[in-house]
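Biologist: Hello! Could you walk me through how the two chains meet?

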Amino acid sequence: MIYISINYYLLVIAALVLYYLFPMGKRWIVLLVGNICFYLLFYKTGWPIFLVTIVVSFAVGIVLPSLKDKVRDAILAIGIIAVLIPWLGVKYGSWIVPMGISFYTLQITSYMVDVYHGKIEPEKNIAKYMLFTSFFPQLIQGPIPRYSQLAGQLMEGHEFDERKAVKGFCYIIWGFFLKLVIADKAAVIVDEVFDNFPTYTGIYVWLAAGLYSIQLYTDFLACTKLAQGVSKLFGIEVIDNFASPFLAVSIKDYWRRWHISLSTWLRDYLYIPLGGNRKGKVRRYINLAITFLISGIWHGSQIKYLAWGLIQAVYQIVGELTEGIRDRIYKCLGMDSNSKVRKTIKRIITFWLVTFGLLIFRAQNLIWGLEMIKDMFVNFKVIPGLLSDEGIFALGLEWKEILVLILAIYILWLVDKAHECKMSISDRVIDMKLPVRWGIYIVAIIAIMVLGTYGYGYSAQDFIYGGF
Amino acid sequence: MRKHAGFAIRVACFVLLTGFIVSIVNYILSPKKYYDDEWPTTATYKGFYQMQKDTIDVLFLGSSHAASSFNPQEVYNSYGIKSYNIGCEGQSVLVSYYWLKEAIKYQSPKFVVFDTFMLFDHNDDNPLNSSEACTRMAIDAMNMSTVKLNAANDICKYDNSQSFYSYIFKNIRFHSRWTMLKEQDFNYKNLEKHYELKGYTVLTHRIGNPYYEPNSESDYVSCGYEEMLPLMEMYLDKIVDLCNENNISLILVKTPIYKWESERHNTLERYASEKGIYFYDFNDIQVYEDSGLVYLDDMSDNDGHSNIWGAQKMSTYIAGLLYNSFGLTGGDGYEQWMDTMEYYSNIYEACMKE
């Protein structure tokens with residue numbers, strides 16, 4: 001909830017004012033102080049672990065270029081192990097969780113590996129290095145930045161850029177919309193059904209599973225947009241984490257669009273070093289399986305996460321092996337590769353394949369998840385009175401709220417389609433005449449304020465990925 | 001910097017415009033209780049702000065017991081004393097304190113008559129001894145000021161379930177009311193014009209318990225003391241201090257209530273004596289008889305709410321006390337009390353016919 005709290009935005013405003021008042025060369029100091037204040041204000045525990053990790057990785061970065069051969073390898077290995085130990089302690093032990101540990105662990109690891117490979121020069125100033133590792137708008141939930149992409153932007157200081165700032169503001173509004181009007185509203189139904197299975201069966205599980213995919217997407221997209229939006233106010237560009245994932249036409253395509261910063265991290269620092277697709281098909285599939293299993297482990301220590309990772313690998317391998325057959329089937333049905341119907345069918349199939357995986361991800365445990373999937377097929381039937389106060393309107397949202405949710409998901413779909421066509425909605429709005437764009441901003445703010453799911457009477461939902 | 005001045009001005013205008021629209025939307029979303037509600041808390045406070053400055057000599061304060069027992073129109077009609085009742089449903093002593101603090105920014109009362117019911121355990125589920133809804137209704141009707149912010153801060157300090165910002169941005173608390181908005185939520189401008197009863201709540205039932213008996217000296221002697229709730233006592237102390245600082249005479253009262261323990265009477269008597277203030281207990285046989293109360297006829301229920309006839313007697317009694325014993329003089333021709341005479345008279349007649 002931190003990134004949608006009033007206190008957070010008070011901190012952002014204070015940091016912004018100071019940032020642009022400071023001389024250009026010293027503006028990074030304001031960001032660093034902002035990071036420290038962020039930690040002190042919102043998360044007082046776990047900072048010694050974070051600090052030790054920063055110091056160790058900084059030291060590794062400094063010494064690596066001067067070392068050679070096996071010593072160099074050993075120091076890198078020690079550095080990675082030292083960074084991983086707290087993460088393992090948190091995931092598999094009972095260590096106090098430092099804020100954003102899963103994200104900064106990967107961020108720091110990639111920094112050390114990049115220094116090792118000579119792709120980047122190590123940072124010589126520990127304060128600047130600390131700023132890179134703890135940049136507050138993205139600390140808790142990413143996206144996972146690379147040193148070469150972010151560090152320069154953080155250190156150099158930026159002139160105030162009106163267009164960028166307004167765009168940042170648009171991103172923040174969009175982030176709030178995604179979180180409060182879609183994710184947290186969908187969560188009401190999702191929680192009710194998942195927490196009370198098998199009281200709810202069949203079509204209710206289909207509904208909750210589909211909504212969970214949308215919830216997870218919008219929740220995570222919201223925190224990415226909020227991170228990007230706040231960063232833009234400082235003139236800093238944070239990488240994108242999603243590219244309309246539910247418009248994907250295959251699982252492979254989906255993984256190019258979903259949690260991009262994690263996917264590319266796994267590709268660059270795990271899949272490719274394992275051999276990638278350079279060592280034949282069988283090795284490629286094994287590498288794929290290892291990569292997705294590690295991705296599962298990254299998400300959590302429960303078996304269900306491992307199963308979820310494995311399912312993703314199986315999807316991809318089976319998908320590749322059956323590509324030819326599926327092409328022939330589509331051709332037999334008269335649908336060529338440009339057919340809109342074929343694309344739609346592929347999107348629907350991909351969505352539900354992803355959803356089955358995410359159902360296990362969300363379920364209490366693996367067995368429960370498998371039971372729910374089985375139930376979706378065994379007990380699937382249309383229930384009389386489904387659209388009544390005894391049906392889905394009894395799941396925690398009355399019909400007006402469900403109507404809002406449907407409209408909001410439709411807006412999301414339109415925006416995703418626009419992005420697919422390389423159209424930027426925020427740029428379009430910014431280029432409109434002042435009364436029109438102000439009207440749009442105000443209507444959006446009031447709509448989120450009134451129609452969102454938050455505050456008294458609702459159990460405030462933390463950002464889902466903040467828990468990983 | 002200069003090249004961004006235009007942008008800064010646009011941002012300021014946008015913030016003001018958005019803030020204005022948000023405040024209107026939030027006001028529409030907030031629940032409100034006007035004259036057509038049994039407990040018209042919103043009308044009480046919105047009306048208070050419309051009283052001419054420094055015209056009120058007596059403020060009545062306290063929970064629904066006070067709101068239903070002290071009728072400013074009767075006080076004015078009998079002795080020409082100008083009063084207003086800022087008591088309300090479920091008024092925690094914390095709320096009493098902050099509303100008194102707010103009230104003396106606009107008025108210079110000489111007397112505050114405070115009903116003591118909420119000093120003792122009433123709602124033990126709630127740290128403020130009252131429901132969140134009642135506390136909110138009273139504080140939400142307060143104009144934005146440091147008093148309101150301090151009140152919100154104190155409320156949230158003691159009641160962790162409440163959020164400070166929700167007193168500024170009411171949408172945090174009430175946005176989900178959009179599904180149940182009614183015409184009156186949009187018609188607030190007109191409804192706020194009706195504060196003719198000046199905070200008094202009219203009740204008309206006559207269902208007092210026939211077994212009620214006022215307490216006497218022998219009851220007090222035979223029992224001990226019931227402690228006030230510490231937080232409520234702390235705010236009573238603050239009320240006492242606030243009155244002293246502003247040269248206001250504080251009078252503690254307890255309106256009639258079935259089974260009012262003598263232990264509570266003793267505690268209040270002791271407190272009043274320690275602080276050098278007056279305490280009038282309508283459950284005490286002396287005051288009960290002097291005021292002419294008949295529990296069976298003058299109470300609207302047995303939870304301490306008097307009906308319009310009981311309120312008439314208690315209001316006249318207090319007015320007489322202020323006039324005769326405390327030397328508070330009244331007078332004629334005070335527009336805001338004169339103008340409502342006929343309105344009240346019609347209500348009274350309608351109640352007589354019921």
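Modeller: Gladly, and we can begin with charge pairing: by the salt-bridge rule (a side-chain nitrogen of Lys or Arg within 4 Å of a carboxyl oxygen of Asp or Glu), the interface of chain B and chain A holds 1 salt bridge. This is a predicted model, where local features need pLDDT of at least 70, side-chain atom pairs count only at pLDDT 80 or more, and totals for chains, interfaces and linings use all residues. Residues are numbered from 1 along each chain as its sequence is written, chains are lettered from A in the order in which they are written, and side-chain values use heavy atoms, without hydrogens and water.

Biologist: Which side chains meet in a salt bridge?

Modeller: The N to O distance is 3.3 Å. One partner is in chain A and the other in chain B: they are Glu162(A) and Arg10(B).

Biologist: How many residues does the contact take from chain B and from chain A?

Modeller: Contact here means heavy atoms within 4.5 Å. On that basis chain A gives 28 residues, and chain B gives 25 residues.

Biologist: What area do chain B and chain A bury between them?

Modeller: Buried area is the accessible area (1.4 Å probe) that two parts lose on being put together, summed over both. Carbon and sulfur atoms carry 72% of it, and the total is about 2400 Å².

Biologist: Which residues in chain B lose the most area to chain A?

Modeller: Three residues together make up 27% of what that side buries. They are Phe14(B), His175(B) and Trp178(B).
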